[in-house]
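I opened this notebook to record what I looked up in one model. The entries follow the order in which I worked.

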Amino acid sequence: MALIQFREAIAQAMAEEMARDDRVFLMGEEVAQYNGAYKASKGLLDQFGANRVWDSPISEAGFAGLGVGAAMVGLRPIIEMMTWNFGIQGFDQIVNHAAKMCYMSGGQFNVPIVFRGPNGAAHMLGSQHSQSFDAMLTNVPGMKVISPSTPYDTKGLLKSAIRDNNPVIFLESEMMYGLKGEVPEGEYLIPIGVGDIKRAGEHVTIIAWNKMLHVAMAAAEQLASIGVSAEVLDPRTLQPLDEELIFSSVRKTHRLVIVDEGWDFAATSAQISDRVQKECFDDLDAPVVRVNSLFVPMPYAEDLEHAVLPTAERVVEAVKEVLYVG
Amino acid sequence: MALVIEMPKLSDTMEEGGIANWLKKEGEKIGEGEPLVEIETDKATQEYESPEEGVLLKILVQPGKAVALRTPIAIIGAAGEAFDLAALTGGGTKTAATTPAAASPTTSAVPPKPTAKPVGAVAPTQAAPVVVGRVKASPLARKVAAELGVDVSQISGSGPAGRVVLRDIEHRSGSGAAAAQSAQAQPAVAGAASTTIPVTMMRKTIAKRLLAAKNDAPHFYLTISADVTKLEAWRQQLNGAAAKAAKVGVAATKVSLNDVVILAASRALKVHPEVNSSWQGDTILQHAEAHVAIAVALPEGLVTPVIRRADALGLRDIAASVRDLAGKAKDGKLSNDAYAGGTFTISNLGMFGIEEFTAIINPPQAAILAVGAALPTPWVDEHGALVVQQRMKMTLSCDHRVVDGATGAKFLQTLVSYLEEPMQMLV
């Protein structure tokens with residue numbers, strides 16, 4: 001298996017799907033001539049030409065809407081947001097048009113579109129560029145939301161997203177574009193809505209996705225050194241959520257910690273926690289504990305940024321809390 | 001409107017019920033109050049009457065199957081009535097569901113009318129434990145405790161604010177899960193075929209209650225023997241008189257040695273009410289009356305019907321009560337009230353020649369008396385002479401949370417003095 005970067009997995013997925021289906025095209029700021037702000041579309045312009053790889057003006061609302069219209073008349077656009085912090089400019093098109101068109105047209109129009117780009121904090125970009133939109137996006141009916149953590153999952157899920165006949169939001173991370181992982185040579189798909197156990201364990205379930213998955217894995221490693229066996233569950237898709245996998249893991253370990261880069265109020269982790277308390281009430285030996293970003297605009301200062309984001313140390317503390325130790 | 005019949009709660013300790021036999025077939029008419037089904041509870045098999053007139057439209061649980069309380073077991077409605085089984089049984093049981101009154105010993109969707117009515121006037125009930133503040137326990141701890149028959153209120157929790165969590169239950173029950181697993185992993189040995197016997201409701205209850213008793217109550221044991229020579233003479237006189245009375249048509253129950261032990265124990269309990277008590281967590285409940293349970297062996301297990309107010313009954317009344325309860329127990333006809341509210345238990349294996357044994361306390365009681373056989377025994381009497389006496393050994397198992405060694409010993413002294421000089425009990 002080849003060891004490739006997260007950005008290469010994205011480029012491979014898009015290239016394979018564009019080769020497979022000529023209705024698929026990519027549009028976004030700097031995706032063509034500059035090969036993508038984070039080089040996630042490297043080589044696509046050369047391979048597919050300017051008709052299928054479009055540099056857009058700086059106008060998220062404009063090209064998001066263009067994508068929705070293209071999807072309604074039979075194309076399969078991939079719209080790259082340079083970051084989701086800019087993507088909120090296009091929320092009207094995403095929330096009011098992409099997500100609702102199938103419903104409002106009585107099923108006459110499908111909107112097979114993918115909106116993708118990095119989500120959450122990178123490093124010292126300040127409060128307007130360091131936000132997680134998982135909760136806002138998963139709160140809208142009519143869209144699927146994927147938030148992968150590894151190159152392997154990214155490639156398999158992005159291909160499924162491009163083939164899906166509904167709007168799919170694909171959340172990446174600036175901090176992970178350089179992350180390397182093994183990806184098989186041949187084609188493979190990962191179904192939307194299926195989670196993955198990234199590390200099996202017995203004493204506690206830690207749910208985490210996107211770059212928080214790696215925080216959870218680091219915490220699990222620290223916990224192993226003190227004899228705690230943590231199961232790390234990556235839902236991979238946030239909407240729809242693989243609830244059965246979550247319930248079965250919690251029923252095994254009886255304790256749950258959720259690591260979520262989003263703010264804690266009405267967060268995706270809050271939704272998971274609610275479902276677990278309802279469906280696994282008698283299986284819980286402790287209240288579900290969530291580790292979220294602190295409820296403040298992200299500070300620019302490095303040490304303060306570190307204090308706001310979930311860390312492995314905070315996850316370890318949360319696990320000790322649900323295990324009633326130290 | 002079709003009515004869902006749910007598994008009724010026919011006894012206080014019942015958690016599931018088995019269908020022994022359907023007394024009506026599907027499509028058969030049934031009147032209100034007519035016996036519909038025989039239900040095997042943890043205590044006995046009881047008839048359950050139809051709460052409504054109609055036709056038995058559907059049997060949902062076949063004989064031999066056991067289901068949890070409030071599980072739908074049948075549908076009753078008008079002849080030929082169409083009904084949506086899924087809607088009726090899938091959370092849609094509102095039509096039949098009434099208030100799940102926790103106070104009633106017969107809580108069910110449809111108030112059941114047990115055929116066996118309480119015997120006697122007012123059956124004394126166990127006073128509800130006085131709960132000071134609610135017990136904090138994790139949902140999982142509560143579930144596992146219920147499965148193991150452990151009372152969470154008796155466990156001190158190690159979680160925040162004293163919350164009882166899983167590990168507290170596991171410590172208490174000697175990590176039951178692990179024990180159960182290793183028990184299952186018995187290696188298969190070639191040779192004669194072993195038999196797997198399904199566990200009956202009664203056996204399940206015995207297992208659960210006795211395990212809980214051994215786990216929760218710190219037992220200690222006191223053994224003493226009594227010279228029953230005088231007592232035997234007195235008893236034979238009484239039975240001789242009874243035989244004479246019978247000849248002139250006056251029925252009088254014969255009394256056994258065990259009846260006299262019940263009499264003596266009930267009187268001794270009046271003198272030592274500390275033994276006639278129950279551990280309540282934050283308090284100890286000292287019972288005003290002695291309701292003596294007697295262990296009755298049945299082929300399928302053990303039951304402990306209760307002689308109400310034994311301390312106020314005469315010997316012949318005790319004897320009659322014992323015959324009645326034991327007879328009903330053997331016929332499986334004891335009502336659930338007959339088991340409730342005992343404050344002390346006597347178990348007697350003397351008839352099997354057992355010299356002495358120790359018994360497990362029947363919670364929430366604080367003590368149980370294990371009675372051995374009365375046997376001719378060499379004995380050094382008060383003059384230092386070796387004599388042969390008819391002596392009977394008894395062992396008192398005490399819950400040390402309630403009864404201390406000296407307290408139990410004083411009770412046994414009083415008991416022995418009553419047995420050795422039975423006339424004392426008459427004054």
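**Entry 1. Conventions and confidence**

I note that the model is predicted, that local features need pLDDT of at least 70 and side-chain atom pairs count only at pLDDT 80 or more, while totals for chains, interfaces and linings use all residues. Residues are numbered from 1 along each chain as its sequence is written, and chains are lettered from A and ligands numbered from 1 in the order in which they are written.

I read the scores as ipTM 0.72 and pTM 0.53. I found pLDDT under 50 over residues 91-132 of chain B, where the model has 75 contacts beyond four places in sequence; a contact requires C-beta atoms, placed from the backbone, within 7 Å. Residues 175-188 of chain B also stay under 50, with 3 such contacts.

**Entry 2. Contact between the chains**

I looked up the contact and found 8 residues from chain A and 9 residues from chain B. The chain A side divides into 4 nonpolar, 1 polar and 3 charged residues. Here Ala, Val, Leu, Ile, Met, Phe, Trp, Tyr, Cys and Pro count as nonpolar, Asp, Glu, Lys and Arg as charged, and the others, Gly among them, as polar.

**Entry 3. The sheet of 6 strands in chain B**

I traced an open sheet in chain B with the order S9-S18-S17-S16-S12-S15 and mixed pairing. Strands (E, at least two residues) and helices (H or I, at least four) are DSSP runs, numbered from the N terminus, and two strands pair if DSSP finds at least two bridges between them. Strand S9 (219-227) and strand S15 (306-307) of chain B each have a single partner strand, so one side of each lacks a neighbour in the sheet. Helix H7 (residues 257-271) of chain B packs on this sheet, touching strand S12 (292-294), S15, strand S16 (344-348) and S17, and its direction makes about 155° with that of S16(B). Axes are lines fitted to C-alpha atoms, for helices over the stretch in contact, and angles run from 0 to 180 degrees between N-to-C directions.

Within the sheet, S17 (residues 367-380) and S18 (residues 386-399) of chain B pair in the antiparallel sense over 12 bridges. I located B:Trp379 opposite B:Val387 in S18(B).

**Entry 4. H7 and H8 of chain B**

I found that the axes of H7(B) and helix H8 (residues 315-330) of chain B come within 9 Å and cross at roughly 120°. H7(B) and H8(B) are therefore oblique to each other, given that angles under 35 degrees count as roughly parallel, over 145 as roughly antiparallel, 65 to 115 as roughly perpendicular and the rest as oblique. From H7(B), B:Asp259, B:Val260, B:Ile262 and B:Leu263 meet B:Leu315, B:Ile318, B:Ala319 and B:Val322 of H8(B). By class, this contact has 7 nonpolar, no polar and 1 charged residues.

How values were computed:
Contact = placed C-beta atoms within 7 Å. pLDDT = per-residue confidence, 0-100.
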